Structures are given as structure tokens and as C-alpha cells.
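Hello,

Here is the structure I promised to pass on. Please open it alongside this note; my findings follow below.

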Amino acid sequence: MDDWERRVADAWASFGDYQDRADEFRALIENLTAELPEQNPVAAFERAFAWDSTGHSDRAVPLYQRALDLGLTGYRRRRAVIQLSSSLHNIGQVEMAVTLLAAERAIDPATPDDETRTLDDAINATLALCLSDSGREREAISVAIDDLAHVV
């Protein structure tokens, strides 16, 4: 699996080379994920991320949800929640995004140095954006200020 992870990381590192060839990039990710079992949550996540990164939030949403339903764990699971919420926001399902992010924000990773803790700022930023876009500006400001207060 380490070799596969390296090849996926290399593919994502080359993403900028595919700016005018999104179909080719998605095919690259599809070929890599085809090496994994059909029910592998990482495969669904990587496919979702490829669609999302190439401007197709609508195609990414069901794949992110599938990855989560299949039991995606750790850092990728938290990224999937954030990216799913962002995609939901993009397709006009802001309240659903707020619900997911608020629930994720309430989860305290196992240890303070847990790798998933590094995504707290992304959760808060995305939640603040979604709250603002849903007409809940005061709550959005509260989330943003609370997040900034932890920085100082």
C-alpha cells in the first residue's frame, strides 16, 4: 500500500500539469483507484477529490458520501467531511453542509497532536463561510473569532 500511496501523492503533485486536461487527470486517479478493492473507502475518496478538484462538486458529493459510508478513517475521513461540506455548499445545499461541519467540529480527536487536529482551521473556515451564506452571519463571526482566539 505504501507504493500505491506514493503513486497517488505523485499524481496529486502533478495536478497543475493537467489544468487544461481535467479528463486525463481524472483518468489517472481512476486508474490508480481501480487497483483497490471495489468497497475500499480510500478509492471512493480519491475519486471524489478528483471530480471536486476539476470543478464537478455535483459528481463529488455522492463519492464523498460513499467513502464515509464505507468507513473512511483518520485524516482522510476528516478531509472528506470538509470537502463534502464544501461541495454541498457549492451545489446549494448549505444547511446540510452546516450540519456536517458543526458535528465534525464537536468531535475531539483522540490526542491533541493527532494528525486530524491540523484540519480544525479548515473545518472552522468552511463552517464560517457556510453559516454566512445561509444568513447566519453572527454565528459565522463567532466561529471565526473563536478560531482566531486559539491562535494567539
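**What turned up**

Arg-26 is found in helix α2, which spans residues 22-33. Keep in mind that this is a predicted model. Is Arg-26 buried or exposed? Its relative accessible area is 12%. Buried means under 20%, so Arg-26 counts as buried. Which residues does Arg-26 touch, beyond its neighbours within four places in sequence? They are Ala-50, Trp-51, Thr-54 and His-56.

Next, a helix pair. Helix α4 covers residues 57-69, and helix α5 covers residues 74-90. Their axes come within 9 Å and cross at roughly 150°. Angles over 145 degrees count as roughly antiparallel, so that is how α4 runs relative to α5. The crossing of α4 past α5 is left-handed.

Who makes the contact? From α4 come Ser-57, Ala-60, Val-61, Tyr-64, Gln-65 and Leu-68. From α5 come Arg-77, Ala-80, Val-81, Gln-83, Leu-84, Ser-87, Leu-88 and Asn-90. By type, the residues of this α4 and α5 contact divide into 8 nonpolar, 5 polar and 1 charged.

Last, Met-96. This residue belongs to helix α6, residues 94-106. Met-96 has a relative accessible area of 47%. That value lies between the 20% and 50% cut-offs, so Met-96 is partly exposed. How far is Met-96 from Glu-5? Their C-alpha atoms are separated by 31 Å, and the two are 91 residues apart along the chain.

Best wishes

Conventions. Residues are numbered from 1 along each chain as its sequence is written. This is a predicted model: local features need pLDDT of at least 70, side-chain atom pairs count only at pLDDT 80 or more; totals for chains, interfaces and linings use all residues. Side-chain values use heavy atoms; hydrogens and water are left out. Helices (H or I, at least four residues) and strands (E, at least two) are DSSP runs, numbered from the N terminus. Buried means under 20% relative accessible area, exposed over 50%, partly exposed in between (1.4 Å probe, protein chains only). Contact means heavy atoms within 4.5 Å. Axes are lines fitted to C-alpha atoms, for helices over the stretch in contact, and angles run from 0 to 180 degrees between N-to-C directions. Angles under 35 degrees count as roughly parallel, over 145 as roughly antiparallel, 65 to 115 as roughly perpendicular and the rest as oblique. A crossing is left-handed if the near helix is turned anticlockwise from the far one by less than a right angle, and right-handed if clockwise. Ala, Val, Leu, Ile, Met, Phe, Trp, Tyr, Cys and Pro count as nonpolar, Asp, Glu, Lys and Arg as charged, and the others, Gly among them, as polar.
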